[in-house]
Amino acid sequence: VSVPMLTLDTLLDECGSPNFVKIDVEGAEFLVLKGGCRILRESRPKWLVEVNSTNSPAVTQMFRDANYLIYDAQQPAASRVPLEQCAFNTIAIPH
């Protein structure tokens, strides 16, 4: 089965700016985000990303470079504090 693949930035050109993006790609989250640099910097949506521990440092750096705050999505909203590194379920909010 052939499956077409597009970068997030290609989707930006085709579909416009998203307000929210969810990524659950079983360890490929860094590669997906790498294809979405314009979305990170220009559209600045909120993100919910399942982050594999191996990719956590690189994904954290991508969000930091784009001036996002990261939070643990598994914590109650009222008690969330910004994290130093991505959690397994990360919420990223533009700062």
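Is C37 buried, exposed or partly exposed? In this predicted model, C37 has a relative accessibility of 33% and therefore counts as partly exposed. C86, in contrast, counts as buried, because its relative accessibility is 10%. No disulfides were found in a search of the whole structure. The closest cysteine sulfur to that of C37 belongs to C86 and lies 15 Å away, which is too far for a bond, given that a disulfide requires sulfur atoms within 2.5 Å. C86 is likewise in no disulfide.

Helix α4 spans residues 56-65, and its buried residues are S56, V59, T60, M62 and F63. Viewed down the axis of α4, these residues fall within an arc of 160°, so they line one face of the helix. The cover over the buried residues of α4 includes the helices α2 and α3 (37-43), together with the strands β2 (46-50), β3 (68-72) and β4 (89-94). N67, which follows α4, has a positive phi, near 65°.

Two elements, β1 (20-23) and α2 (29-34), each supply at least two residues of the lining. The largest contribution comes from β1, with three residues.

Notes: Residues are numbered from 1 along each chain as its sequence is written. This is a predicted model: local features need pLDDT of at least 70, side-chain atom pairs count only at pLDDT 80 or more; totals for chains, interfaces and linings use all residues. Side-chain values use heavy atoms; hydrogens and water are left out. Helices (H or I, at least four residues) and strands (E, at least two) are DSSP runs, numbered from the N terminus. Buried means under 20% relative accessible area, exposed over 50%, partly exposed in between (1.4 Å probe, protein chains only). The arc is that of the directions from the helix axis to the C-beta atoms. Contact means heavy atoms within 4.5 Å.
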